[in-house]
Amino acid sequence: MNQSKDSQTLYSQELVLQKHARFDRAVTKYDSILATAPQDYKARSCRGYVLEKSGQYEAAVSSFERALSLKPKFAPAWQEKGIALAKLTRYEEALASFNHALKLEPDDYWDGRTTARH
């Protein structure tokens, strides 16, 4: 996917906002990206990550699920979805999500299953 210069600028702004814990504004930036590129699975996944970091776990899971509906083999979304599910104490679902990420990218992802068990 080729991103426009505007989308790249919005991504950069979001990263700065996220670094400074301005999660509400970061989500708004991702919403701006998605308004013009609704099929951008990476933006949907990043939006989920920001929601998870801000404690909005249900919304994060929804964002990851939307990203995965667009790109089912996107391992980072499976991993992050597992983290959000674990924080919701939905451990079985979290384990399944971690396992899916590991199956897709066995060498690139930590074994999140240990987090889900705690």
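A salt bridge here is a side-chain nitrogen of Lys or Arg within 4 Å of a carboxyl oxygen of Asp or Glu. The close-ups below come from a predicted model, and a search of the whole structure turns up 5 such bridges.

**View 1. Glu58 reaches Arg90 through a salt bridge.** The two side chains meet at 3.3 Å, N to O. Glu58 sits in helix α4, while Arg90 belongs to the loop between α5 (75-87) and α6 (91-104), so the pair ties together parts that are 32 residues apart in sequence. Both ends get some solvent: Glu58 is partly exposed at 47% relative accessibility, and Arg90 is partly exposed at 25%.

**View 2. Arg90 also pairs with Glu93.** Here the closest N and O atoms are 2.9 Å apart. Glu93 is partly exposed, with 40% relative accessibility. Through shared partners, the salt bridges join Glu58, Arg90 and Glu93 into one network.

**View 3. Glu65 and Lys81 form a salt bridge.** Their side chains come to 3.4 Å, N to O. This one links distant parts of the chain, with Glu65 in helix α4 and Lys81 in helix α5, 16 residues apart. Glu65 is partly exposed at 38% relative accessible area, whereas Lys81 counts as buried at 13%.

**View 4. Ser63 is buried in the model.** Ser63 is found in helix α4, which covers residues 57-70. Who does it touch? Beyond its neighbours within four places in sequence, Ser63 is in contact with Arg44, Arg47, Gly48 and Leu51.

How values were computed
Residues numbered from 1 in each chain as written. Predicted model: local features only at pLDDT ≥ 70, side-chain atom pairs only at ≥ 80, totals over all residues. Heavy atoms only, no water. Helix = DSSP H or I, 4+ residues; strand = E, 2+ residues; numbered from the N terminus. Buried < 20%, exposed > 50% of the residue type's maximum accessible area, 1.4 Å probe, protein only. Contact = heavy atoms within 4.5 Å.
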